[in-house]
Amino acid sequence: MEEKFKKEEKTGVDNSNRFAELLLLLTMNEAKNCSRAQNPAENTVQMYVNIGPKLATKLLTFYKINRTTKKNNLKNIVNDMINGNWKFDASPIKFNEDNDLIDGEHRLKAIEITEKTFLFTVTLGLSRDVFKILDSGIIRSPGDVFQCAGIPNALNAASITASIYAFKNGKFSDAGNKVNKLSKSELLIHYRTLRGIQNSIKFAHKVHKSGDGYVKFNTVALFHYLFGEVDEKLAEDFMTQLATGREIGMKSPVGALRKKINDRKMDKNLAYTDKNKILDICYCWEKFINNETIKQIKLPKNYQINL
């Protein structure tokens, strides 16, 4: 097992030193190591360790993953520990083959807060890819997976990727998380096929910030990307006008679309589903790129999106 950690990474970080430090922490003083076993098949080490606040703080220095702390989850763990409801369940604190803490951040932070000591299973040497399939008592969102993969704007990127996939598979909703059928790892793979998606996210941030709230951020990014596959410049013009209300020509399809969206917002008795809105957006886009004018939106019977 130790031989595995003697290889020096390309970054220049000597993993053998990190492993030695980690192993020493887990087998001395406060830890009171109960037992240690090596799995030759998977080249991992597993041990039972009593972890108190000092050791928890030191172990958290091995946490290098840029993942947002789930405050509610942390609060629940802290409450369980304070109220005597925290029980040993053998769910491991996990470290990967780079000696990075990949699972157990919330439990270790809770120990810091409560200043209590609890018995945990600790596993060392797991594959770098394990995080993608971890189940640590909380549901890892697609955004978590994207963050750990180093994707910029991770939460938005995951959401927009799901929306694009859903749209292209006939699911007409801009709430991509409700209709996404891909697993988290599949969603990440799909993201890598979407050239220019980060440009759409940046564009949505820009116009949504200066917009008037007529359309949601996700909608702006989604259709900027989809329409951009047809014509990037026209897509930018269309979505800028829709989001901000600026530079809209007389009888422009964008003006008719904004009026309908506003009317539905003002009168809650007028039903306006995501599907209806998306059909209207796509219909007005077709009119826009063909330089046609309309006073109001009247979808043809059995209208089909042509993208």
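N50 is partly exposed, with a relative accessible area of 22%. In this predicted model, N50 lies in strand β2, which covers residues 44-51. N50 and F118 are 68 residues apart along the chain, yet their C-alpha atoms are separated by 5.4 Å.

Of its 307 residues, 46% are buried. Among contacts with a separation of 6 or more, 68% join residues 24 or more positions apart. The protein exposes about 16,600 Å², and carbon and sulfur atoms supply 48% of that area.

One pair of helices is described here in detail. Two packed helices are described by the angle between their axes and the distance between the axes. The axes of α10 and α11 come within 8 Å and cross at roughly 155°. Angles over 145 degrees count as roughly antiparallel, and α10 and α11 are therefore roughly antiparallel to each other. Their crossing is right-handed.

The table lists the residues that make this contact.

| Helix | Range | Residues in the contact |
|---|---|---|
| α10 | residues 217-228 | T219, V220, F223, H224, F227 and G228 |
| α11 | residues 232-244 | E232, A235, E236, F238, M239 and A243 |

By type, the residues in the contact of α10 with α11 comprise 7 nonpolar, 3 polar and 2 charged.

Terms used
Residues are numbered from 1 along each chain as its sequence is written. This is a predicted model: local features need pLDDT of at least 70, side-chain atom pairs count only at pLDDT 80 or more; totals for chains, interfaces and linings use all residues. Side-chain values use heavy atoms; hydrogens and water are left out. Buried means under 20% relative accessible area, exposed over 50%, partly exposed in between (1.4 Å probe, protein chains only). Contact means heavy atoms within 4.5 Å. Accessible areas come from the Shrake-Rupley method with a 1.4 Å probe; for residues, only the protein chains shown count as cover. Axes are lines fitted to C-alpha atoms, for helices over the stretch in contact, and angles run from 0 to 180 degrees between N-to-C directions. Helices (H or I, at least four residues) and strands (E, at least two) are DSSP runs, numbered from the N terminus. Angles under 35 degrees count as roughly parallel, over 145 as roughly antiparallel, 65 to 115 as roughly perpendicular and the rest as oblique. A crossing is left-handed if the near helix is turned anticlockwise from the far one by less than a right angle, and right-handed if clockwise. Ala, Val, Leu, Ile, Met, Phe, Trp, Tyr, Cys and Pro count as nonpolar, Asp, Glu, Lys and Arg as charged, and the others, Gly among them, as polar.
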